[in-house]
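Student: Could you go through this one with me, a question at a time? I'd like to see how each answer is worked out.

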Amino acid sequence: MSVQGATLFSDPNGTEWIVVAAEGRVFVTGEGRVAREISLNGATLTGDCTFTQTYDQLLLWRGTGSAPLQMITFDGGFVAVTQTSSGAGAGTGTQVIPNSDGARFFQNRVFVPFIYVGAKKDFVAVGDIGNYTRYKFPQNAFRFNDGADDDIVDLAPFGRTSMAVFKQKSVRIVDNLVPDSNGDYSSAVSDVVTNTHGLVARGAWVGVGRDLFYVSTRGVTSLQLTEENRVKGVDLPLSTPLAATWSRINWNLRDKIRIGYWDNNLYVALPLDDARVVDTTNLATGNYDPASGNLNLTVTSGAAYYFSFGPDELTLVNGTETLTRSGFFTAQSTTVVFNGTLNQPTTATLNYVPFYNCNTAVAVYDFQTGAWAGVDETPYVTHVKEFLTATIQGKQRLVAVTEDGLLRLWEEGFEDERLTTVANPYVDLTVESQPPSGAVRLQLNLATGTLIGVNAASAVNVGTAWGTSTTALARTNLYSGYAGGWLAPGGTVSQQDWGIRWTSTTSTLQPFAINGVTIMNSGAFYWAYVDLVTGTQITTQSVSTSVTTRAYAMQDMDGKRFQQVGLRLVTWDPTFSITGLTDGVNETSTVATGQTRSNTVYSIDQAAWVSSNANDDHGDPWREDYSVTLGAGFNLGSGVQPELEQQSLVRLKMQQRGNSCQLTLANTDGRCTLKGVELEAIAGDRTMGTKYSG
Amino acid sequence: MGVDERVDPELLGPGKVSRATNCRFRNGLAEPRKGITILPWMKADGRTPFTDTGSLAGMAVWKVSPPAAYGNYIGGGAPFAPDGSPSAVVGVRLGEVQNILWVDVLLDGSAVAAWSSANSALYPVGILVNGVLANTTYTGALNLQAQSFELVFSLSSLGGVLTGHYLEIQVHGSIGGGTGYLTYA
């Protein structure tokens, strides 16, 4: 179920909150405020939901099968909507506001698409002015159906007196929404904008100035408000240049598509391809039982997995089902059983599927350049459920509620952040002072680890006695002791500044003790500082990029031999590769892979830079790279700009034949900006035929 | 300046590329997009993946030095107020405001609790919010809405000393439990 909906909410004090519904519960949080749960007072939330702010209250729409709820205060939580009376001239509604999957607030009244008869959602109830609890039927219940078979998807206020009514296959405009003396829209008129397409999903539209952009099955389309405040449709989809990406959309999941607008960019969250993320860790390891041929694997009940059979597998038993073909399944219990060749290692694969049937990428349109910037596509990061434009540190920022239940800030810093499970927990143990002599000082693994004693008079280790005559020697001797044979079962010991790291070989760190006391938390203990790293953690990762240039034919239609490529790059600690693509089928060649830049090497005759910046010369010119590794011993000196990027011209040989050639520059670490491209070629074969022979 | 996937690559003009992933086109350059980060206040102990279920996310525990006027500070409500003997105080903070039902404290890896705010057969645990005792009797349904609170319990049975021991703090809420550990060296 994961995240079910999200919205912004401003309380009566003007404080902005982010409201998130997830796993059947509703939470609020805000800048600098801890999250708290808002009670549903016994009501249930089983599917996707939406919210509508009405003045200082919040309506929760739970679908056409459930009554909406209202929240008046956080403490009171969400409760059933009860009718209140309307003021004079504000309407004379008697009908209770209907069930719906969403509504819009416009002209101080709520507009609710709903099902009046049958199963067709083609009515819109308009609440009394200033009163969302009631509406008048039939005067303020509009039906948008002239024989069509499509439902209303969403409503979009547009201009002062207009509203777009988006249906599945058509778009209408309701104009002249000016209430009469009874509060009725007696003079409103409806007009069809188009019958060729509709809106794919609620929330898949956004207003940008006098334009309203929305996603239809044709692409990103728009309505424009003319100088006379008339609405006109724009026939050519904005997304036409992004044809290849659009062809990857999984249209069965079109209801997931969302649009956001921020900083002159349009962000369109899309479910591409299989619309899922398959974790790369193969959980299928081990040998088949020599008698039964079974291999039991531990899974999480209710979680989704992908498996594939190898040559040695026959079946996969998942609870009550026996699977005989590779594919996806939802675990029915905590164990699944592969059956395969007796006593042989498994050749199957089993991978966790953290997200599925969701958006996987975000297409970005830049209004300043008037062009698409391609797609943002990063596993575990770009799985947008909803876009919000929230106020962060005084600025409007684009915030995404992602499928993993996190709130993410788009376009911030240089790296992406993820919440990851520490697969192999570890403890960093640093020696803070000279350990005193004693028989029981350290034991990594209380069951079977070597019990290390201390001889504070000795400069060297002797047997299991740790030589700690000085603090410095204690630090180095600690690692050398474990490297020399002290036992720490269940983990591996590596050297760290001032001590060691003990990394578990499994997902659980074995108990350990200092001075005979079992250590269960991070902190200072006796002569050591302990840093336990377990559970989940926020990790950062570089933004992996890929750009494929246009094809360079050099104004000549004959065949060529491409011999050299030149790229002008702006880099910071990059790892990039270059691939050449000529016209034809799968005609690619690797020009370069794993190209890096050293932050110590100068391109002129000059001694290597000392990476601790000991000479306070980080900014000296002509170095390949200006990335730094901050840490103990790094000299900040007169100041360091750690994000300085270096420019370079990369010239590489290539051998590729063709009429034209494209280049793909892909970078996986740091940053790599493409500033310019040049290609050199000589004339090739001029023979006519299906393909050049060179 | 940007991406055009539709037009044949040979027919694209300067400034256009055929494909781009995680890029922006600014100032005539094809550069990496900026990062996508977790909202600042959702990190550290305030981090709350809203999809977490069945557990009290982001729970942290720490030692608190009892104030000198400790007994008076806490107030009445025996047996949950200090009994005059040396006592331990533990701070607890959850990732979000939650409905707290009861707390158990286990000693040195034991499978059963030594102190509890719910089990009258065990030594009591006082739960304090802003210095005020929230539980004045044993209860497994305290229904305390809180994110940060303190636990207090007597060490009479340990001779007033926790040194050399470790505690497992189990907080039980209406959505599930959370666990934290503290070693007293």
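Student: Is A:N515 buried, partly exposed or exposed?
Tutor: Bear in mind that this is a predicted model. A:N515 has 19 C-beta neighbours inside 10 Å, so it counts as partly exposed.

Student: And where does A:N515 sit, and what is its phi near?
Tutor: Look in the loop between β46 (512–514) and β47 (517–518) of chain A. Most residues other than glycine have a negative phi. A:N515 isn't a glycine, yet its phi is positive, near 50 degrees.

Student: What about B:N143: is it buried or exposed?
Tutor: This one is in a loop too, between β11 (132–133) and β12 (144–154) of chain B. The cut-off for exposed is 12 or fewer neighbours. B:N143 has 11 C-beta neighbours inside 10 Å, so it counts as exposed.

Student: Which peptide bond is cis, with omega near 5 degrees?
Tutor: Go to the loop between β13 (131–135) and β14 (141–143) of chain A, where you'll find A:P138. Most peptide bonds are trans. The cis one here, with omega near 5 degrees, runs from A:F137 to A:P138.

Student: How is A:A269 placed, buried or exposed?
Tutor: A:A269 lies in strand β24 (residues 265–270) of chain A. Leaving out residues up to four places away in sequence, it touches A:I257, A:R258, A:N359, A:V362, A:V384 and A:F387. It has 28 C-beta neighbours inside 10 Å, so A:A269 counts as buried.

Student: How far apart in space are A:A269 and A:A472?
Tutor: Along the sequence, 203 residues separate A:A269 and A:A472. In space, going C-alpha to C-alpha, the distance is 55 Å.

Student: Which strands are at the edges of the open sheet of 5 strands in chain A?
Tutor: Write down the order, which is β44-β45-β40-β49-β48, with antiparallel pairing. An edge strand pairs on one side only, and that picks out β44 (491–496) and β48 (523–525) of chain A.

Student: Inside that sheet, what is the bridge partner of A:Y426?
Tutor: Start from strand β40 (residues 426–431) of chain A, which pairs with strand β45 (residues 499–504) of chain A in the antiparallel sense over 5 bridges. The partner is in β45(A), and it's A:T503.

Student: Which helix lies across β40, β44 and β45 of chain A?
Tutor: Look for one running at about 30 degrees to β45(A). It covers residues 471–483 of chain A, and its name is α2.

Student: Now the two chains: which element gives the largest share of the side of chain B that touches chain A?
Tutor: The contact takes 71 residues from chain A and 49 residues from chain B. Elements giving two or more residues to chain B's side include β1 (2–3), β2 (16–21) and β7 (87–107) of chain B. That side divides into 23 nonpolar, 13 polar and 13 charged residues. The largest share, 6 residues, comes from β2(B).

Student: Which residue is the bridge partner of A:L409 in β5(B)?
Tutor: Here a strand of each chain pairs: β38 (residues 407–410) of chain A and β5(B), in the antiparallel sense over 3 bridges. In β5(B), the partner of A:L409 is B:T37.

Terms used
Residues are numbered from 1 along each chain as its sequence is written. Chains are lettered from A and ligands numbered from 1 in the order in which they are written. This is a predicted model: local features need pLDDT of at least 70, side-chain atom pairs count only at pLDDT 80 or more; totals for chains, interfaces and linings use all residues. Helices (H or I, at least four residues) and strands (E, at least two) are DSSP runs, numbered from the N terminus. A residue is buried if 20 or more other C-beta atoms lie within 10 Å of its own, exposed if 12 or fewer, and partly exposed in between; C-beta atoms are placed from the backbone. Two residues are in contact if their C-beta atoms, placed from the backbone, lie within 7 Å. Ala, Val, Leu, Ile, Met, Phe, Trp, Tyr, Cys and Pro count as nonpolar, Asp, Glu, Lys and Arg as charged, and the others, Gly among them, as polar. Two strands pair if DSSP finds at least two bridges between them. Axes are lines fitted to C-alpha atoms, for helices over the stretch in contact, and angles run from 0 to 180 degrees between N-to-C directions.
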